[in-house]
Amino acid sequence: MTERGHSKTATGASSHRESDKQRLAELEKRVRALETALHVANGKLQIALEMGKLSAWERDLETDKMSGTPTLLATLGLPSGAEPTFEDLERIFHPADVERVRQAISYAERTNTRINIEHRIVKPDGRITRILVQGGHVYENGKPVRHFGIVQDVTEREQIKEEIQHTQRRQEFLLDLNDQLRSLDDPDAIMETTAQSLGRLLRVDCAGYGEVDESRGVILVEREWSKGVISNEGRAYRLYDFLPTLMAELKNGRPIFVEDIRNDPRASNPAVQTAYSTINARSALAVPLLKDQKLTAILYMHSAEPRAWTTDDLTLAEDVAERTWTAVEKARAEMDLTETDAKLRLIAESLPALVWILNPQTELLYTNQRWVTYSGLPREEALGHSWTRAIHPDDMARMSEELVPVVTLHTPYTTEARYRSHEGHYRWHLIQGAPIHSSTGEFKGWVGTSVDIHDLKVTEDALRKSEEQLRIALQAAKMGDWSWDSATNLVSHSDRAAEIIGAPLGSSVRPEEIRERIHPADLPQMIKAKEKARETGQPYSVQYRMRRFNDGAEIWIAIQAQTTLNEDGTLVTSGIIQDITESKHAEERQQLLIRELHHRVKNTLATVQAIVGSTARTASSIDEFYQGFVGRIVSLARTHNLLTEDLWQKAALEDLIQTELGPYEDGARNRITVEGPHVELPSEAAVPIGMAIHELTTNAAKHGALSTFGGQVEVRWRVEPGEERPVLHFTWTEHGGPRVSTPTRQGFGSRLLQRVLATQLQAQVQMSFPQDGLRFAMTMEIPGEPAIFNPDRPGS
């Protein structure tokens, strides 16, 4: 029994040892797991601190020692390796914040709450940094033994907040200034308000806005604000008095800073010191305003004490200067507009036409008295849409469609329509309207005139409606394809592509050969387009000029291509080529024609304006004005009909004469003699000469040889060589008519014959009045052909 008992005891002890080893292994495993978790937690904490730009700290309250992460000392501005106590830290706290920090820590300990305080520290280099400190406490037996937490540098955040506040204050100032300027319409009051507002904001002693008289080197100040005194009016400062280089600096757009004139090396001249002393200034800032590269105005300010001007001061001053200039110019423009409006109304009431203004809804806002009289409507009913009810229904239906794009796109409009008079008769009018915009570009409506052309329509014996349709003949584009392989560095063309560039069919060429034939001005853009396409992998499209391979002719081509990367690493570019030479030439021709048309229209309008003015000055009655004006306009129209038959370039002298004298020839064809060689006159000569022939014909029909039976007119001319151009000798001789005497006054016709021909054509004109009939002679060089594109002329 003893052996058996011993055996049981030994077995039990062995079992206990195995159990202890197992428990120890488990404890060691748990310790390793906890260490791993702690290591991971510390790593995460370190990453979090770095991402949040935070530093961790601890304070042992028994030793008063501080410890923390490596970034803690750098944040506090302490040297690496330092072991500060809390007392050491208090020495770098901003003196004004030390007591507040102590109270915050004490309160957190008493209440067992978190430490949360923001305060300033003064680093050894004198820089002030703002930090945010947050933390907690460790207690033992109810007594705090350790503090811990984090520190964050919030200096940049506070600076941003201050900048935002500063920006908000500045924006509020500018908005308030805008409100003030918006309510003012006097330029002087605007200048004073600006100077006063800016001066008070920047706390200067004086501020002003002046306009520069560069020829005199002075700035003229209508209003100047001074702190504590009434603003000065009507002052002038000589800019050279304040700095020798002041004018030159301002003209170059550079602002002038003077922080202390007594220590400024630019002001060594006693006269400069005296100038600043006179206005009681030691510091000054001047901001120039340049318009069209010319010094226009200056915004300036100065103080009696030295001052360091900041970038914000300058930026604000420049902003205010621009706003002031804009407001002043707007006020002046509105004053001028009011004066101009009064003058225009006077002119509108004097014109022999209906003058009107429409708003964007095509409602009549203004009309002269002529419309009230013509329509028979009371003035209060003559506005609005009264004009639409007065237009003939057929014309209104057409105009309703024509006006859709005009109203939508705010474009000019010209048409002809019949207006119903108060008597119920319809008369044709030429309607011309132009869009009007405000100074800010806002569309305000149309201004225009409606000129009575009914009698002109009757005289021409037809209602001519011209509808020109532009038909663009498109020829199907003939394209060719090509490809380039980087492995061979050859460009292969299809037959059509080879034909376009003049290369042999089935041939391949190197890219360098093509580049040599590209126009130098177009080569950079082609290279740039290809390089960009290769970098981005996107298609490219480019147009350029090149010389054909076979004949060297220059052509325009358009290229569209795509570069791809093969599996073997080689590049392949493939695309299409199109000959666009004809379309390019068409564009050039179109531009030439448009420019020529603009030129012709302006010249014609100037001629009509001169006819109106001269006829009005010489007419003694409305009927005489009308008859003279219509006759001259019809003559001008006939001349232009001849010109348009040759693309507005030339008219034959014989055609001009026959057009006027033809109706007066009798059946025997012995009243009128026309002899001379064929002479073609360019438009600038055909118009005045055609009108001169019209005046001679009209005078002969009214008072001269064509006014009686048996009277005759002889028109002869010859052309002789001149020094530079052929010389035309032209004579008009009348006989067999009433007895002629020298006229007592000079009418439009005489002025046209003697002045206009001499001024526009440098012609030598002679007029004599023998008893048997008028004699007129003119000698002039025939102008050359005008520089205008003519598709029928070789080389055009």
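Mentor: A strand here is a DSSP run of E with at least two residues, and strands are numbered from the N terminus. Arg 59 is found in such a run, strand E1, which covers residues 54-60. The model is predicted.

Trainee: How many helices and strands does the chain have?

Mentor: The chain has 22 helices and 29 strands. Of its 796 residues, 37% are buried. Among contacts with a separation of 6 or more, 52% are between residues 24 or more positions apart.

Trainee: Why is Arg 59 called buried?

Mentor: Buried means under 20% relative accessible area. Arg 59 has 14%, so Arg 59 counts as buried.

Trainee: What makes the pair Arg 59 and Asp 64 a polar contact?

Mentor: The cut-off is a pair of N or O atoms within 3.5 Å, one able to donate a hydrogen and the other to accept it. The side chains of Arg 59 and Asp 64 are joined at 3.1 Å, so the pair is within that limit. Leaving aside neighbours within four places in sequence, Arg 59 is also in contact with residues including Phe 86, Ile 105, Val 145 and His 147.

Trainee: Which residues does Pro 84 contact, leaving aside its neighbours within four places in sequence?

Mentor: Pro 84 contacts Asp 64, Lys 65, Met 66, Leu 73, Leu 78 and Leu 89. Pro 84 lies in the loop between helix H2 (71-76) and helix H3 (86-92).

Trainee: What makes Pro 84 a buried residue, although its place is in a loop?

Mentor: The relative accessible area of Pro 84 is 9%, which is under 20%, so Pro 84 is buried.

Trainee: How do you know whether Asn 141 is buried or exposed?

Mentor: Exposed means over 50%. Asn 141 stands at 85% relative accessibility and therefore counts as exposed. Asn 141 lies in the loop between strand E4 (128-140) and strand E5 (143-153). Its phi is near 55°, a positive value in a residue other than glycine.

Trainee: What is the phi of Thr 362, and where is Thr 362 found?

Mentor: The phi of Thr 362 is near 60°, again positive in a residue other than glycine. Thr 362 is in the loop between strand E12 (354-358) and strand E13 (364-367). With a relative accessible area of 15%, Thr 362 is under the 20% limit and so is buried.

Trainee: How do you know that the buried residues of helix H9 line one face?

Mentor: In H9 (residues 270-278), the residues concerned are Val 272, Ala 275 and Tyr 276. Seen down the axis of H9, they fall within an arc of 95°, so they line one face of the helix. The face turned away from them carries the exposed residues Pro 270, Ser 277 and Thr 278.

Trainee: Which elements do the buried residues of H9 pack against?

Mentor: They pack against helix H7 (239-242), strand E9 (256-258) and strand E10 (283-291). Val 272 is also touched by Pro 244, which is found in the loop between H7 and helix H8 (246-251).

Trainee: What is found at the start of H9, and what follows H9?

Mentor: At the start, a side-chain oxygen of Asn 269 comes within 2.9 Å of the backbone nitrogen of Ala 271. After H9 comes Asn 280, with a positive phi near 55°.

Trainee: Why are helices H20 and H21 called roughly parallel?

Mentor: The axes of H20 (residues 653-661) and H21 (residues 683-702) come within 9 Å and cross at roughly 30°. Angles under 35 degrees count as roughly parallel, so H20 is roughly parallel to H21. The crossing is right-handed.

Trainee: Which residues of H20 meet H21?

Mentor: Leu 653, Leu 656, Ile 657, Glu 660 and Leu 661 do, and the residues they meet in H21 include Ala 686, Ile 689, Gly 690 and Ile 693. Those H20 residues are buried. Seen down the axis of H20, its buried residues fall within an arc of 110°, so they line one face of the helix.

Definitions and conventions:
Residues numbered from 1 in each chain as written. Predicted model: local features only at pLDDT ≥ 70, side-chain atom pairs only at ≥ 80, totals over all residues. Heavy atoms only, no water. Buried < 20%, exposed > 50% of the residue type's maximum accessible area, 1.4 Å probe, protein only. Helix = DSSP H or I, 4+ residues; strand = E, 2+ residues; numbered from the N terminus. Arc of directions from axis to C-beta. Contact = heavy atoms within 4.5 Å. Axes fitted to C-alpha atoms, helices over the stretch in contact; angles between N-to-C directions. Parallel < 35°, antiparallel > 145°, perpendicular 65-115°, else oblique. Left-handed = near helix turned anticlockwise from the far one by under 90°.
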